[in-house]
Structures are given as C-alpha cells and as structure tokens.
Amino acid sequence: MLQLDFTNAMAARVGAHGLTEDEWTSALGAALPAYDAVEKDAAAGRLGFRRLPAQDTKSLAEYARHTASLFENLTVLGIGGSALGTTALASALLHPWWNFAAPEARRAPRLFVLDNVDPEEIAGHLEVVLPERTLYNVISKSGETAETTAQLLVFVDALKKRLGDRWREHVVVTTDPAKGFLRSLATREKLASFPVPPDVGGRFSALTPVSLLPLAACGVEPERLLAGAATAEEKGRETAFKAAALYTALYRKGKRICVMMPYARALRDVADWFRQLWAESLGKRRSLDGREVFEGQTPVKALGATDQHSQAQLYNEGPNDKMIAFLEVGRFRRPCPIPPGWEDDTSAFLGGRDMGDLLSAEKRGTERALTANGRPNLTFRLEGVTPETVGGMLHFFELMTAYAGRIWNVNAFDQPGVEAAKHATFALMGRKGYEKLAEEIRGETPAQEAVKLEGF
Ligand code: PA5
C-alpha cells in the first residue's frame, strides 16, 4: 500500500550527510524501547487515535446521505486540526476542480473550509456563498476556540436574518461529546451534532467525524478511509516506526528542517496537514521528565514540480540542513496526453507522452540532483490515490509521529506553547476572567516605531 524508500538517505548514496549502516543500525536499536512504550500505551487504551479504524460511522454516513446532500454548499468552520485534515482529504479525494464542477456531475455540495478569521475572507464568503443554501459544519474539539466561535457567530447571525428559527437546520456541530461551549450550545439549541472522542486531540482527529462527516457529505465513504487506516494499523506500524527512527537519525545529524514534497497535486495538502502534526507534536521545550530540551524539526511543505522553480535551488545548494521526503503516486487517476505539436526540438519530445510521465520524470530528476549534491532524501510511495490509501497514509503519519514523540522523549499529544497566545487573544478581546492579563498587556512597553516608507 505505502512504500518507504530511503536508499538516498544513506551515506553510500549521499556521503557524509547520510547515515552509515552503523549509524542506522544503532539509531534503530536505540529507538526500539520507544516502539514498545507506544505499543504498551495503545494496548492499555491510552492512545485514542489507534482505536479510530474500528469506529462505527453508520449515523454519520446516514446524516451525510440524507441531510448534508440537500445543500448546495457545505462550509466548514474550524481551525488547525479541525480543518487541515478535511482540506487534505478533500484535495486528495474529490475532483481537482470540485467546486467548479456542474451540480449534476458533483451530486453533492461544494466544499469550503474556512480556517481563519480574516475579515475579507469571511465577509467575502458570505457575499458569494448564500447562507440559505449552505450547511455550516462548526468543528472544534475543545468547543472553545475563539476563531471558530467568532465564525459561528457571524454565520448564525446571517442565517437568523434570512431564515429566523430555521437557522438550526443549517448548522451541524462536531465537538467533544460532553465538554465545552459548543457541546452545550448543541444541546441547548437541539442542533445536529457528532462527537470527537475525548482522547483524540485536534491534529490526530482527521479520521473522526471532524473530517469523515464533510467528506461523507461529498460522497467519500468513511468506511473506505477507515479500512485504509485499519491496514496501516495492522501492517504499517513497523514501517512507521522505521520512518520515525530515520527522521530522528537525520535530525540528530543536523537536518533541522524536513521538507515534504508531493509530486501529485492531490497530496499537496497532506503535506500541509503533516506540517501541523509534526510541528505541534514534536516542537517542545520540555522532555517527558521535565528537562529543558527545545526539541523540534521544522516541517516545510513544497510541491513538485511547482517548487522546482522556487525552492529546489536552495535545497540543492543552500545549507545542508534539510531532509527531503517526496510523496509519489504509482499511477494518476486521469491521463492527460500531451498531443504532438510542432517539429522543433523544444516541443517535439513532449508530444505523445503524458503529463504524468513528465511529472514523474521531474521527480526523478530532482531526486537525482539532490542525491548528487549530498542532500539526504526519501520517498513515500502510494500505488494510487484512493480513500483507502489516503486514509492509510494519514494514520501511518500519525503512528510515525507518536513513535517519534517517544523516541525524542517528548509529549506528542499536548501543545502548551500555543496556550500563551490564546490567552493573550482572550484578554485583548475582553473575555471575562482575563482582566488581569489584559491589564498586564496594556502596561507593556509599546513596540518601537516602525521604519516608515514614504509613499505607501
Ligand atoms: O492539535 C490541536 O489540538 C490543535 O492544533 C487544535 O486542532 C486547534 O487549536 C483547534 O482546536 P479546537 O479543535 O479545539 O478548536
């Protein structure tokens, strides 16, 4: 299903920046106790995401078939782990121009994921995506996130103005089964709702109703995504562990940046989703035993072939502080033959080939150049892009992250570093209980005056 080829991460291929056989053997050996610790946690039921492949999705699929499909649009309100998985899965599994396809061809709503509070983006969405034809899926694991609550307030107000009490028919909530503002709102207002398992955190929640519901509304069967995840759970653990050990060994060898570079537009947003998973899970000040460690490898996303014309120069000749992971697909779902055109040397060689051949050749060329330049790189290869393979891939990367957390001896499941900014936002926006912090912030020395550029 998913193959990992790391030949080009080894010293035999890339010289001193790669791993020698001895380094690799000892990295794997040193990591083994972490594998056992994660498996022990999973067996004791302490890792919620490991149980997701076995979840029951009947009511969710039913809701998607009967209710969500009645709408012209489905707009997801959420941020971070409540949005990125849906975008990744939608880019991978829906038609590449889904929202532009004719309704008869789509036979399901257009899908929008609003993962920010940019006023122009939100107000603009209201102007062109009519609330009376839209189902809003408000998603927040905690049920308390300010960005998501603000979005909800805007859209519920618009719905009330147009539909009065019928606004409720246009909102479906995905949140914790018992706690938080969204859960109590759903109960109080009798809104349709779906639970996120309490022990599954935001960035590990793509294969819960968080993404399963919007994808099901667009015709992707949740069972197929979960079947892929079940395969990864059953057969992919050792490879995921190896990948975690490999990333670790390269990180310890100075590869402070890991680039994920899909050579398939369908997987572009998987790299974006992975960016959050790897950064938020492993970027930690303290180890599990409380020491200051400041661990973290910076994940960067790139896209082949687009970023060959933007980033590849840096990856090949800049500081050798990166490892590059390609995502590759064995076969594309749509052919796009390049017709023969003119007889001149610049175009004739392309005619009669397929765009997929060109993209594959570009990947091979980039991989070769990086290897020749001593830049460690590896490839995750999917046979094809299907709900099973992509569901499996997300679960695989979650496993890999959990193993890496243990190898690095950090808590992969918390995010204390984002709390300070959250609280400051609450204080600045006047939330009750944050008055002291607001006072403190007001008392801080203002920033130095910025350099002014005349004429702007
Ligand atoms: O991984 C996480 O827990 C976070 O990145 C969350 O996904 C993000 O902060 C949004 O949180 P919530 O889903 O509670 O609104």
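Colleague: What makes Met260 the residue opposite Ala325 in E11?

Modeller: Strand pairing puts Met260 opposite Ala325 in E11. This is a predicted model: local features need pLDDT of at least 70, side-chain atom pairs 80 or more, while totals for chains, interfaces and linings use all residues. Numbering runs from 1 along each chain as its sequence is written, and side-chain values use heavy atoms, without hydrogens and water.

Colleague: How do you know that E7 and E11 pair?

Modeller: Pairing takes at least two DSSP bridges. Strand E7 (residues 257-262) and strand E11 (residues 322-329) share six, in the parallel sense. So they pair. Strands here are DSSP runs (E, at least two residues; helices are H or I, at least four), numbered from the N terminus.

Colleague: What makes helix H11 a neighbour of the sheet?

Modeller: Contact, meaning heavy atoms within 4.5 Å. Helix H11 (residues 237-252) touches E1, E7, E11 and strand E12 (377-382).

Colleague: Which strands are called edge strands, and why?

Modeller: The open sheet runs E1-E12-E11-E7-E10, with mixed pairing. Strand E1 (2-5) and strand E10 (298-301) each pair on one side only.

Colleague: Where does the largest pocket lie, and how do you know that?

Modeller: Domain 1 (2-42 + 226-408) and domain 2 (51-220) both give residues to its lining, so the largest pocket lies between them. The bounds come from an automatic or database assignment.

Colleague: Which elements give two or more residues to that lining?

Modeller: Among them are helix H2 (21-43), strand E4 (134-140) and helix H16 (387-408). H17 gives the largest share, five residues.

Technical notes:
Axes are lines fitted to C-alpha atoms, for helices over the stretch in contact, and angles run from 0 to 180 degrees between N-to-C directions.
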